[in-house]
Protein chains: 2
Amino acid sequence: MTSKLNLRQTPVRQANVRQCTNVSCKDCSLSPLCLPTALRFEEDIINLDHIIKRGRPLKKGEHLFLEGDAFTSVFAVRSGSLKTYTSTNEGEEQITGFHLPSELVGLSGMDTDHYPVSAQAMETTMVCEIPFDKLEELALEHPQLRRQLMCVMSKEIRDDQQMMLLLSKKNADERIATFLVNLASRFRRRGFSSQSFRLSMSRNEMGNYLGLAVETVSRVFTRFQKQDLIHAVGKEIEILDPQALSRMAGGKARDQIELTSVH
Amino acid sequence: MTSKLNLRQTPVRQANVRQCTNVSCKDCSLSPLCLPTALRFEEDIINLDHIIKRGRPLKKGEHLFLEGDAFTSVFAVRSGSLKTYTSTNEGEEQITGFHLPSELVGLSGMDTDHYPVSAQAMETTMVCEIPFDKLEELALEHPQLRRQLMCVMSKEIRDDQQMMLLLSKKNADERIATFLVNLASRFRRRGFSSQSFRLSMSRNEMGNYLGLAVETVSRVFTRFQKQDLIHAVGKEIEILDPQALSRMAGGKARDQIELTSVH
DNA sequence: AGATGGTAATGACCGAAGTCAATGTTTACA
DNA sequence: TGTAAACATTGACTTCGGTCATTACCATCT
């Protein structure tokens with residue numbers, strides 16, 4: 001069917017490595033987007049701090065966990081980016097998500113005791129590891145934190161359902177437009193430019209995620225450039241006409257407003 | 001892109017209707033599959049009972065809630081079946097799931113205060129309504145119940161991701177095979193035959209859900225019959241060769257075993 | 001700096017599934 | 001119980017995007 005990704009590096013797991021880089025949540029620039037949002041008092045954030053393990057950075061291609069590994073922790077991306085993927089019987093991989101700083105990874109393993117996907121670094125990446133049993137303990141005393149965990153999951157469900165819509169109703173142009181608009185708005189939330197950014201994934205990974213062949217991704221990119229919608233040099237992307245791109249993306253009006261209202 | 005469903009009946013909401021049919025959770029045949037699983041003591045189940053509202057049955061085509069409605073409750077299907085769907089800008093609908101007895105609907109609205117999908121009865125359907133604030137109160141004292149809610153959500157995420165895999169990697173035959181195998185195994189869990197059952201959705205709805213045109217669904221059905229994989233008369237389906245169908249479905253080995261081990 | 005292997009772009013061709021249209025079959029409800 | 005509307009099937013034709021093949025690019029790594 002679609003092409004196989006064979007860039008898979010030797011799967012060395014890198015969880016449970018406590019070391020260096022002991023920035024605390026309190027000082028982390030991501031804390032307003034991340035778990036600490038749920039904790040009102042400095043004291044509670046310090047408690048969270050104590051259970052978080054900050055490992056050494058993952059290098060590009062290293063795995064954080066593999067599909068089937070025992071579920072022990074959830075992870076928050078601190079810097080860099082991850083992808084998660086499952087594989088079919090025949091060994092083809094299907095990327096289920098790309099994860100930027102402040103996003104939580106691994107929660108979907110909760111009810112099976114095993115991660116249902118593999119998580120791999122797409123570039124040098126730092127993560128905070130949060131042992132799940134400790135997180136549950138902390139959540140015992142913090143309804144807010146409990147609620148936030150549920151919220152993260154319910155948001156993931158909604159996003160996945162939008163993805164299902166994309167995969168079953170949108171054509172190649174609409175898929176790529178949607179993808180770029182979505183990335184742009186995630187970058188903006190994190191304080192980066194939404195006009196101009198660097199894609200951390202290859203065309204191949206993008207195609208895999210969007211249900212398209214690499215060649216199609218390439219063709220759409222060149223077409224978008226001819227139409228002056230974007231300007232792309234390798235992985236550097238500049239969005240020239242966000243409104244047009246948003247319109248093309250179709251989907252929910254909500255997302256469009258989100259992108260075009262601020263810049 | 002794909003065909004539009006215009007069978008949408010006048011959207012009359014039917015939540016909050018307390019009436020008749022006051023079977024208690026304790027006596028409900030679904031309780032081992034449903035929320036009460038999390039509650040060990042009869043007393044606690046009685047508490048759950050008290051917060052549940054059992055409305056009058058929904059008729060085919062009636063809505064339980066609409067996309068954008070205020071999120072107030074989650075619902076458990078008691079009998080019949082529901083579909084949930086979102087719609088694109090252009091008013092096309094995308095079915096995001098079919099829901100059988102004992103399954104929970106509405107949880108993905110948790111973090112936005114609005115349901116992100118509409119839920120509609122596909123046949124005469126009874127549901128238990130569980131006001132979310134009450135459920136949260138009850139969950140305060142029952143870590144088990146909290147855990148189960150999280151589990152339901154994490155299972156939904158995993159299922160949605162399998163659906164993404166289907167939509168982006170599988171061809172028409174594989175999609176339909178996967179769908180039938182999955183339905184069969186859900187029926188078996190509920191004590192019904194997994195060899196022979198009635199589809200509650202139309203070919204159109206099936207196609208919509210699977211990202212296929214109605215015509216394709218029809219053609220695959222006739223092809224499967226010629227190959228003696230299934231026997232279909234209208235909505236009545238008989239699975240003649242579960243192993244072959246499972247093999248064709250590809251996907252996770254896990255699901256295949258589930259279908260073929262018992263019968 | 002030069003070689004090498006993964007990554008990207010582009011063209012030619014093909015095929016699975018979509019669209020359109022015509023016809024047959026259920027279902028619902030008056 | 002009859003009839004209209006919704007649903008399902010089938011065939012003919014088209015199309016979008018996949019596959020294959022070639023060339024160009026660029027990022028490491030010795």
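This is a predicted model: local features need pLDDT of at least 70, side-chain atom pairs count only at pLDDT 80 or more; totals for chains, interfaces and linings use all residues.
The interface between the two chains brings 52 residues of chain A into contact with 54 residues of chain B. Between them, chain A and chain B bury about 4,700 Å², and 60% of this area lies on carbon and sulfur atoms. On the side of chain A, the residues that lose the most area to chain B are Met150(A), Met164(A) and Lys169(A), which together account for 16% of what that side buries. The side chains of Arg158(A) and Asp111(B) meet in a salt bridge, with an N to O distance of 2.7 Å. The elements of chain A that give two or more residues to the side touching chain B are strands E4 (82-87) and E5 (93-99), together with helices H2 (132-141), H3 (143-169), H5 (203-210) and H8 (253-261). Of these, H3(A) gives the most to that side, with 20 residues.

Helix H5 of chain B, which spans residues 203-210, is largely enclosed by the rest of the structure, because 6 of its 8 residues are buried. The buried residues of H5(B) are Glu205(B), Met206(B), Gly207(B), Asn208(B), Tyr209(B) and Leu210(B). What covers them includes H3 of chain A, and also, from chain B, strand E4 (82-87), strand E5 (93-99), helix H3 (143-169), helix H4 (172-189) and helix H6 (214-226). Just after H5(B), Gly211(B) adopts a positive phi of about 70°.

The largest nonpolar core contains 78 residues, and the members that touch the most other members are Leu35(A) and Leu35(B). When neighbours within four places in sequence are left aside, Leu35(A) is in contact with Leu48(A), Leu104(A), Ile130(A), Leu135(A), Leu145(A), Gln148(A) and Leu149(A). A second, separate core of 74 residues includes Met206(A), Val220(A) and Ala249(A) as well as Leu199(B).

Over all chains, the structure holds 24 salt bridges. One of them joins the side chains of Asp49(A) and Arg54(A) at 2.8 Å, N to O, and both Asp49(A) and Arg54(A) are buried. Another is formed by the side chains of Arg186(A) and Glu103(A), with an N to O distance of 3.0 Å. Since Arg186(A) lies in helix H4 (residues 172-189) of chain A and Glu103(A) in the loop between E5 and strand E6 (104-105) of that chain, the pair ties together parts that are 83 residues apart in sequence. Arg186(A) and Glu103(A) are likewise both buried.

In chain B, Glu236(B) forms a salt bridge with Arg198(B), in which the closest N and O atoms are 3.2 Å apart. Glu236(B) lies in strand E11 (residues 236-239) and Arg198(B) in strand E9 (residues 196-198) of chain B, so this pair ties together parts that are 38 residues apart in sequence. With a relative accessibility of 39%, Glu236(B) counts as partly exposed. Salt bridges that share partners also join Lys83(A), Glu93(A) and Glu205(A) into one network.

A further arginine, Arg190(A), has its place in the loop between H4 and strand E9 (196-198) of chain A. Arg190(A) has a relative accessible area of 15% and is therefore buried, the cut-off being under 20%. The side chain of Arg190(A) makes a polar contact of 3.2 Å with the side chain of Ser102(A). Apart from neighbours within four places in sequence, Arg190(A) is in contact with Leu33(A), Leu100(A), Pro101(A), Ser102(A) and Glu103(A); Glu103(A) is also the salt-bridge partner of Arg186(A).

Note on methods:
Residues are numbered from 1 along each chain as its sequence is written. Chains are lettered from A and ligands numbered from 1 in the order in which they are written. Side-chain values use heavy atoms; hydrogens and water are left out. A nonpolar core is a set of buried Ala, Val, Leu, Ile, Met, Phe, Trp, Tyr and Cys residues joined through side-chain atoms within 4.5 Å. Buried means under 20% relative accessible area, exposed over 50%, partly exposed in between (1.4 Å probe, protein chains only). Contact means heavy atoms within 4.5 Å. Buried area is the accessible area (1.4 Å probe) that two parts lose on being put together, summed over both. A salt bridge is a side-chain nitrogen of Lys or Arg within 4 Å of a carboxyl oxygen of Asp or Glu. Helices (H or I, at least four residues) and strands (E, at least two) are DSSP runs, numbered from the N terminus. A polar contact is a pair of N or O atoms within 3.5 Å; within protein, one must be able to donate a hydrogen and the other to accept it, and residues adjacent in sequence count only if both atoms are side-chain atoms.
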